[in-house]
Amino acid sequence: MNVFIDKLRKEQNLTDEQIEQLLSTDEYDRELFASALEIREKYYGRQVFIRGLIEISSFCRNDCYYCGIRRSNANASRYRLTAEQIMECCRNGYGLGFRTFVLQGGEDPWFNDERMCSIVKAIKDEYPDCAVTLSLGERTRESYERLFLAGADRYLLRHETADEEHYRRLHPEDMSLSSRQRCLRDLKEIGYATGSGFMVGSPGQTIETLVKDIRFLQELEPDMIGIGPYLRHKDTPFRDCANGSMEMTLRLIGLLRHLFPKALIPSTTALGTIHPQGREMGMLAGANVVMPNLSPLDVREKYELYDDKICTGDEAAECRKCLENRMAMTGFEIVVGRGDRA
Ligand code: SAM
């Protein structure tokens, strides 16, 4: 066995230099993925957890330079779902076997605590056997507390990058890495199952910044880690920057599975967008979650974080079936259940 993989298996860690070396070449990929798959099988077998993604709003007060729904994108079509529409998505999703609903959106002040708490409560009342995951960006600690008390179980907030300078390259002055990290620590302390992560290949990212991302994740100890390739959007300041690479994304999934053996790691839509079999390859590199879209068909195209996003024209049932087939063909099985961390 390769010395890096051997050390990873024994210690769940590597030195900075070793991580840099592992990430800089495809030399170790085969062994890394085979070993990641073994670890994944130890805790999760061949099971794949599904999360029903409901994109509740494309309004956003932030102006992240990479994102298609950034505030300054005048070409973006804006929408927000009503509480009734969100409940309808859950109803549809429940019938399709989803037991986790992920409510994600831009940072839209319309979804204040009162409205969000009432939506979370309504979902938990109607579907007590389901988990509610929120992904609504940065909020105050009090707001996270209120949502938790209303019944929210999990929260996804990618840290995006753990390097100050890189963070500045990706975000305008009114956003800060320290605020993002503060949110993540609050979420953990409050008791949420917490997810973080980053885009792979975002403009300015280097192997050194990736090492910092990994160190930050090790310190945070998140339950979920979402990574996907950065993909350009035509109406952002980064429109001419190259997309992130699938190979590096897969390599990082393989590495993360070793560092966080029990973590919930999705094979993301961005991975499926950059390559037709991206999500299947993500599973084979160590991922164990997929997040099919439950949003109403007529808003799908409006939640356009990057160009050519997949599944914008498919009904939820089609998305679910298509992923089930894709997973089955790769030797995995989608299961009905909340899909909590082992
Ligand atoms: N507003 C919430 C937040 O900030 O966490 C949730 C929505 S935000 C659009 C969800 C994630 O989309 C971000 O954390 C970011 O990593 C990802 N994203 C945004 N633009 C992207 C792009 N161009 N390529 C790939 N991922 C992107």
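1. A residue is taken as buried when its relative accessible area is under 20%, and in this predicted model Glu-160, with a relative accessible area of 8%, is therefore buried. Glu-160 sits in the loop that runs between β5 (154-156) and α7 (164-170), and its phi is near 75°, a positive value in a residue other than glycine. Glu-160 is also listed, together with Tyr-66, Gly-105, Arg-158 and Leu-231, as one of the closest residues to the ligand.

2. The ligand is surrounded by 18 residues, and this shell divides into 10 nonpolar, 5 polar and 3 charged residues. On the side-chain part of the shell, an N or O atom of Arg-158 is found 2.9 Å from an oxygen atom of the ligand. The ligand taken alone exposes 560 Å², of which the protein buries 92%.

3. The largest nonpolar core holds 93 residues, among which Phe-101, Leu-103, Ile-123 and Leu-134 touch the most other members. Helix α10 (residues 246-259) supplies the largest share of this core, namely 8 residues.

4. For Leu-103, once residues up to four places away in sequence are set aside, the contacts include Ile-54, Ile-56, Ile-86, Met-116 and Ile-119. The list for Leu-103 also includes Ile-123 and Leu-134, which are themselves named with Leu-103 among the residues that touch the most other members of the largest core. Thr-133 and Ser-135 are touched by Leu-103 as well.

5. Glu-126 belongs to helix α5 (residues 113-126) and, at 41% relative accessibility, counts as partly exposed. Its side chain makes a polar contact of 3.3 Å with the side chain of Tyr-127, and, leaving out residues up to four places away in sequence, Glu-126 touches Met-87 and Arg-91. Glu-126 and Glu-165 are 39 residues apart along the chain, and their C-alpha atoms are separated by 45 Å.

6. Gln-12, in the loop between α1 (3-11) and α2 (16-23), has a phi near 50°, which is again a positive value in a residue other than glycine. At 35% relative accessibility Gln-12 counts as partly exposed, whereas Glu-160, the other residue noted here for a positive phi, is buried.

How values were computed: Residues numbered from 1 in each chain as written. Predicted model: local features only at pLDDT ≥ 70, side-chain atom pairs only at ≥ 80, totals over all residues. Heavy atoms only, no water. Near = heavy atom within 4 Å. Polar contact = N/O pair within 3.5 Å; in protein donor to acceptor, adjacent residues only side chain to side chain. Areas by Shrake-Rupley, 256 points an atom, 1.4 Å probe, with all protein chains shown as cover. Nonpolar A, V, L, I, M, F, W, Y, C, P; charged D, E, K, R; others polar. Core = buried A, V, L, I, M, F, W, Y, C linked by side-chain atoms within 4.5 Å. Buried < 20%, exposed > 50% of the residue type's maximum accessible area, 1.4 Å probe, protein only. Helix = DSSP H or I, 4+ residues; strand = E, 2+ residues; numbered from the N terminus. Contact = heavy atoms within 4.5 Å.
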